[in-house]
Amino acid sequence: MGTLPLAKPQRIKLSPTAYKKLTLEVFKADDYRCCVCGKQWELQAHHMVARSLGRRDVLSNLVSLCVYCHQRVTEKFLTIAWADPEQRTVTITRRNYEPDR
């Protein structure tokens with residue numbers, strides 16, 4: 001007998017207003033700086049564990065990244081992981097084959 005596939009957790013979607021408020025909380029918690037390079041502009045909230053994997057939109061799953069670093073993480077040129085979630089610090093792994101800008 002085979003095993004049944006696990007059901008994917010249903011995503012609880014925040015309203016646009018609630019998501020905007022949460023994003024501002026993330027930026028404040030990260031001192032309005034990108035957690036990779038330290039830039040203070042063009043910030044975006046990045047999910048440490050993707051919503052598609054069942055993680056919710058909560059402060060403990062979000063980190064501030066600038067547009068450039070967020071793109072590099074999305075494209076897998078950078079990998080980030082929590083070093084200390086309480087202190088909101090991350091470890092960064094860079095890929096060697098990143099193209100020059």
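Okay, one term before we start: a residue is buried under 20% relative accessible area, exposed over 50%, and partly exposed in between. Keep in mind that what you see is a predicted model.

So, take Arg33. At 35% relative accessibility, Arg33 falls in that middle class, partly exposed. Its side chain meets the side chain of Asp31 in a salt bridge, at 3.8 Å from N to O.

How many salt bridges does the count come to? Three. Let me walk you through the other ones.

Asp30 and Arg88 pair up through their side chains, with 2.6 Å between N and O. This pair links distant parts of the chain, 58 residues apart. Asp30 sits in the loop between helix 1, residues 16–29, and strand 1, residues 43–47. Arg88 is in the loop between strand 3, which is 78–84, and strand 4, which is 89–94. And are these two buried or exposed? Asp30 is buried, at 7% relative accessibility, and Arg88 is buried as well, with 12%.

Then there's Arg51 with Asp57, a salt bridge at 3.6 Å, N to O.

Now over to helix 2, residues 67–74. Which of its residues are buried? Cys69, His70, Arg72 and Val73 are. If you look down the axis of helix 2, those buried residues fall within an arc of 160 degrees, so they line one face of the helix. And what covers them? Strand 1, strand 2 (that's 62–66), strand 3 and strand 4 are included in the cover. Just after the helix, have a look at Lys76, which takes a positive phi of about 70 degrees.

Last stop, the cysteines. The disulfide count comes to zero. Take Cys34: the nearest cysteine sulfur belongs to Cys37, 3.8 Å away, and Cys34 is in no disulfide. The cut-off here is 2.5 Å between the sulfur atoms. Cys34 is buried, at 5% relative accessibility. Cys37 is in no disulfide either; for Cys37 the nearest cysteine sulfur is that of Cys66, at 3.7 Å. Cys37 itself is partly exposed, with a relative accessible area of 40%.

To recap: three salt bridges, a helix 2 whose buried residues line one face, and zero disulfides.

Key: Residues are numbered from 1 along each chain as its sequence is written. This is a predicted model: local features need pLDDT of at least 70, side-chain atom pairs count only at pLDDT 80 or more; totals for chains, interfaces and linings use all residues. Side-chain values use heavy atoms; hydrogens and water are left out. A salt bridge is a side-chain nitrogen of Lys or Arg within 4 Å of a carboxyl oxygen of Asp or Glu. Helices (H or I, at least four residues) and strands (E, at least two) are DSSP runs, numbered from the N terminus. Buried means under 20% relative accessible area, exposed over 50%, partly exposed in between (1.4 Å probe, protein chains only). The arc is that of the directions from the helix axis to the C-beta atoms. Contact means heavy atoms within 4.5 Å.
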